[in-house]
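Please open the structure in a viewer and keep the sequence beside it.

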Amino acid sequence: MSSETYDEKAGIRQVILSSQHLDKRSTGSIEDIVSDICGLQYDPNPTIHLNHYMMLWNRKKDFAVKDLDAAAYQEFQITEAFAFKRNMFFVPTKEFAIYRAALKDVVRWGSSDESWLAAANSTEDLNAEAELKKGLKDQPGMTTNQIWQCLHLSEEWNAYVKGRKAGDLSFELPIFRAFYRLKRKTDLVTCGRNPGTFKEPLYILKENIGIKEWPNSGMDKNDARAYIMEKLIAAFGVTYPVHISHITGIPTGEVTPFFF
């Protein structure tokens, strides 16, 4: 192997490590690091210390668990959201609406977010959303069970959960569908997680933490995809369309034009 070839490979490796903030620990903010690497996937597996903390420990100088928790659940610089392949990620709050616009029609598990939300978008469902928002207005962060206790629907919710496990949806109320829809749209924001193995989430209306409208809302899908693709290519340093398609769920044919 020539020294020139070796130097080229070493240079490529350095570009990749630098793009991922893995050549040296960054002194930048968690928000900036998460933006640079195009989101931090939330890992609920408690077998080892949750992976999203480990990913930042590798990248941020003097990182501690409390730093991610503060950025996500106190300062709301980053937000838990459904992003690539409809999986849960932390993304910068100011970029959430861009990810949503770019990925809303990505199909996985037989549907997209766009089609899933459209499937329960009747007048009854929209009225249930309004009812749920009214009930949670000015309320603090609460667990799922606390929400239904607050709305005096604990018995109905418990019957619904029990029936759902048995494959019986006859106990489903429109307000329960509204709950899942508001979570999916991140109108209900995760504002904390309780101690314990699986870190049960606390939910709050985005308006209750001062977010009336997500920054960059209304961005065109193609503009949003161009933004995300540019960031992804920069984040990996060296990549190709099939790789980006595998990560995002966007078909390869729709990814390829961004490389030329």
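In which sense do β2 and β3 pair, and over how many bridges? The two strands pair in the antiparallel sense, over five bridges. The model under view is a predicted one.

**First stop: the sheet**

Select β1, β2 and β3 together. These three strands form an open sheet in the order β1-β3-β2, with antiparallel pairing. The edges are held by β1 and β2, each of which has a single partner strand, so one side of each is left without a neighbour in the sheet. To see an individual bridge, select F82 and its partner M88, the latter in β3.

**Second stop: the largest nonpolar core**

Next, select F84, V91, Y99, L103 and I228. Of the 29 residues in the largest nonpolar core, these five touch the most other members. At least two residues of this core are supplied by each of β3 (88–92), α5 (96–103), β4 (188–193), β5 (201–205) and α11 (221–236). Helix α5 provides the largest share, namely seven residues.

Now centre the view on V91. Leaving aside residues up to four places away in sequence, V91 touches V34, G39, I78, T79, A81, A83, F96 and Y99. In general, nonpolar side chains of soluble globular proteins tend to be buried together.

Select residues 65–73, which make up helix α4. Which residues of this helix are buried? They are L68, A70, A71, A72 and Y73. Display the surroundings as well: the buried residues of α4 pack against α2 (30–36), β1 (40–41), α3 (51–57), β2 (78–82), β3 and β4.

The structure as a whole contains 18 salt bridges. Begin with R193 and E80, whose side chains meet at 2.9 Å, N to O. Because R193 lies in strand β4 and E80 in strand β2, this pair ties together parts that are 113 residues apart in sequence. R193 is partly exposed, with a relative accessible area of 22%, whereas E80 counts as buried at 6% relative accessibility.

Proceed to E129 and K185, whose side chains form a salt bridge of 3.2 Å, N to O. Here E129 belongs to helix α7 (residues 123–136) and K185 to the loop between α10 (174–184) and β4, so that the pair links distant parts of the chain, 56 residues apart. E129 counts as buried, its relative accessibility being 6%.

Then select K133 and D187, which form a salt bridge with their closest N and O atoms 3.7 Å apart. K133 lies in helix α7 and D187 in the loop between α10 and β4, so this pair ties together parts 54 residues apart in sequence. K133 is partly exposed, with a relative accessible area of 28%, while D187 counts as buried at 11% relative accessibility.

Finally, show the surface and select I12, V15, I16 and V238. Together they make a nonpolar surface patch of about 290 Å². I16 lies in helix α1 (residues 3–19). Is I16 buried or partly exposed? I16 is partly exposed, with a relative accessible area of 33%.

Terms used: Residues are numbered from 1 along each chain as its sequence is written. This is a predicted model: local features need pLDDT of at least 70, side-chain atom pairs count only at pLDDT 80 or more; totals for chains, interfaces and linings use all residues. Side-chain values use heavy atoms; hydrogens and water are left out. Patches are made of residues with over 30% relative accessible area and no salt bridge: like charges are joined within 9 Å, nonpolar side chains (Val, Leu, Ile, Met, Phe, Trp, Tyr) within 5 Å. Accessible areas come from the Shrake-Rupley method with a 1.4 Å probe; for residues, only the protein chains shown count as cover. A salt bridge is a side-chain nitrogen of Lys or Arg within 4 Å of a carboxyl oxygen of Asp or Glu. Helices (H or I, at least four residues) and strands (E, at least two) are DSSP runs, numbered from the N terminus. Buried means under 20% relative accessible area, exposed over 50%, partly exposed in between (1.4 Å probe, protein chains only). A nonpolar core is a set of buried Ala, Val, Leu, Ile, Met, Phe, Trp, Tyr and Cys residues joined through side-chain atoms within 4.5 Å. Contact means heavy atoms within 4.5 Å. Two strands pair if DSSP finds at least two bridges between them.
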